[in-house]
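These are my notebook entries on one chain. I set down what I looked up, entry by entry.

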Amino acid sequence: MDSISVFEIIKVGIGPSSSHTMGPWNAAEYFIDYLKENGVFGQLKAVQVHLFGSLAKTGMGHGTDLAVVMGLAGENFRKIDTRLIPDKLAKIKNDKVISAGGSLAIGFDFEKDIVFHFKESLPFHPNGIRFTGTLSNGEEISREYFSVGGGFVITEGETDSRIKKIVCPYPCHSALTIVDYCRKMNLSVSELIMLNEKAWRTEEEVKQAALNIFREIKEAIFRGINTPGILPGGLNVKRRSAELNKKLLGEQTFTDLNDWIAKVRSVAPSFSNVNKWVSCFALAVNEENAAFGRIITAPTNGASGVLPAVMMYAYLFTEDFTEEKAIRFILTAGELGTLFKKNATISAAMGGCQAEVGVSSAMSAGALVEILGGTPEQVLMAAEIAMEHHLGLTCDPIGGLVQIPCIERNSMGAIKAITAANIAIESDPSDAKVSLDAVIKSMWETALDMNNKYKETSEGGLAVNVPVNVAEC
Ligand code: SF4
């Protein structure tokens, strides 16, 4: 089994969905690259996009159509100024022309050239997408991709072709192996993972990548708490983090991130206050995510508020939080995420919300124990506890938008992670009856048994019992 870098699990992303926005965006880039690699890109005259399964059913609410267009146009979601996207999209719609790969003008009718196959799913995976390019000689080239969660994209039967294939010096494909290595080598989880990460990049690059993620997290939260208003999509969901921030800090406005951080730190850390702040951090990130903003995917976008909320809790409300702890937090959380990706799923279309918020809660719980000084066994115990109490969690977004229940659910995932960490750090893991490996196996079996209505199709649960005018969404 190939190893997965923690920076494939925790990375810069764009909202609102890793599987339905970033994955299709990546797939469009891959298709353009495929045409280039095969020497036919210059002959491209037209392109059609076919969305299947969950990508069709909830694609409009998740911005899948927008994402494929941006990807075909050669835009990079890691760098694009997200405020410019609406204008870029409007121009393509009005002109009916797209600059394929950023350089080749071809006709493209947004209304006709993106086809939603609402009743059809490709057999390999529920998140299927097919690109068909027509060349100047009339030949058609089709290629199918599958968005398998967390922005990962594969073709049938492949692992992600863009991920550098590496087997780390200390391969950790189960929780048990992590503990075994840590015991034998007398290392913490993050020390072990640092040795593995050096298979991809230097130690200094690993540290910088982790600190960059921490910086992006703080900035995403700060953007969120500074942006009141209504979220896009038609549900008229009010952004609440800005209001909550004001209730907690008073009317003072902040234009500088560090001033705001100092102010939050000065607040009396009562249980009630800390609880509200953790919720506020998660709401802030997920509101940014729902508004097509830049966030940190961890391990998905729908669940992108959990890890930042727990990390900010540690940063602002625990003692002696240092940059070194930030790095250890990211390494531990990312590695725990890889266990779920390798042995179960991080795709809601495969496993419901347990695969998104459940996994992010488990990642964050373990990472918190790591920086609070817990043993490797306690780190894994915390991750196990957090996931155990997310098993079977359904995905039923109202109107197909990553808003209800998603935004609040991140606050719940963060609070559960902190509780799981506190339980684990006060426990003797040798008394535990449930291992992390057992809970991951249970999660996967639950995913297989789960009715498709609850796997990001908006065909069950809240999505059908809460009356909304979906046409307006
Ligand atoms: S319900 Fe959970 S899994 Fe589904 S879109 Fe929302 S956050 Fe993602």
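Which residues of the largest nonpolar core touch the most other members? I worked on a predicted model, and I found the answer to be Val310, Ile330, Ala365, Leu368, Ala382 and Ala383, out of the 143 residues in that core. I then asked which helix gives the most to this core, and noted helix H9 (residues 203-225), with ten residues. I also recorded that the core lies between domain 1 (18-154) and domain 2 (175-472), because both domains give residues to it.

**Entry: Ala382.** I listed the contacts of Ala382, leaving aside residues up to four places away in sequence. Ala382 touches Ala365, Gly366, Leu368 and Val369, and also Ala420, Ala421 and Ala424.

**Entry: the whole chain.** I counted 20 helices and nine strands in the chain. I noted that 53% of the 473 residues count as buried. For the overall dimensions, I took the box filled by the C-alpha atoms along the principal axes, which is roughly 70 × 55 × 45 Å. I compared the radius of gyration of the chain, 22 Å, with the value near 23 Å that a compact globule of 473 residues would have, and the two agree. I also looked at contacts between residues at least 6 apart in sequence: 79% of them join residues at least 24 apart.

**Entry: the two domains.** I noted the division of the chain into domain 1 (18-154) and domain 2 (175-472). Their C-alpha centres lie 29 Å apart. How many residues does the contact take from each domain? I recorded 19 residues from domain 1 and 25 residues from domain 2. On the side of domain 1 that touches domain 2, helices H2, H3 (54-57) and H4 (59-62) each supply at least two residues. H2 has the largest share of that side, with four residues. I sorted this side of domain 1 by class and found five nonpolar, 13 polar and one charged residues.

**Entry: the ligand.** I found 13 residues surrounding the ligand. The closest are Gly302, Ala348, Cys353, Cys395 and Cys406. By class, I recorded nine nonpolar, one polar and three charged residues in this shell.

**Entry: cis peptide bonds.** I noted a cis peptide bond between Gly15 and Pro16, with omega about 5°. Pro16 lies in the loop that runs between strand S1 (11-14) and helix H2 (18-37). I noted another cis peptide bond between Ala298 and Pro299, with omega about -5°. I placed Pro299 in the loop between strand S9 (294-297) and helix H13 (306-317).

**Entry: positive phi.** I looked up Phe292, which is not a glycine and yet has a positive phi of about 60°. Phe292 sits in the loop between helix H12 (271-290) and S9. Is Phe292 buried or exposed? I count Phe292 as buried, because 22 other C-beta atoms lie within 10 Å and the cut-off for a buried residue is 20 or more.

I then turned to Ser458, where phi is also positive, about 60°, although Ser458 is not a glycine. I located Ser458 in the loop between helix H19 (436-449) and helix H20 (462-465).

Note on methods
Residues are numbered from 1 along each chain as its sequence is written. This is a predicted model: local features need pLDDT of at least 70, side-chain atom pairs count only at pLDDT 80 or more; totals for chains, interfaces and linings use all residues. A residue is buried if 20 or more other C-beta atoms lie within 10 Å of its own, exposed if 12 or fewer, and partly exposed in between; C-beta atoms are placed from the backbone. A residue is near a molecule or strand if its C-beta atom, placed from the backbone, lies within 6 Å of it. Ala, Val, Leu, Ile, Met, Phe, Trp, Tyr, Cys and Pro count as nonpolar, Asp, Glu, Lys and Arg as charged, and the others, Gly among them, as polar. Domain bounds come from an automatic or database domain assignment. Two residues are in contact if their C-beta atoms, placed from the backbone, lie within 7 Å. A nonpolar core is a set of buried Ala, Val, Leu, Ile, Met, Phe, Trp, Tyr and Cys residues joined through C-beta atoms within 7 Å. The radius of gyration is taken over C-alpha atoms; the globule rule is 2.2 Å times the number of residues to the power 0.38.
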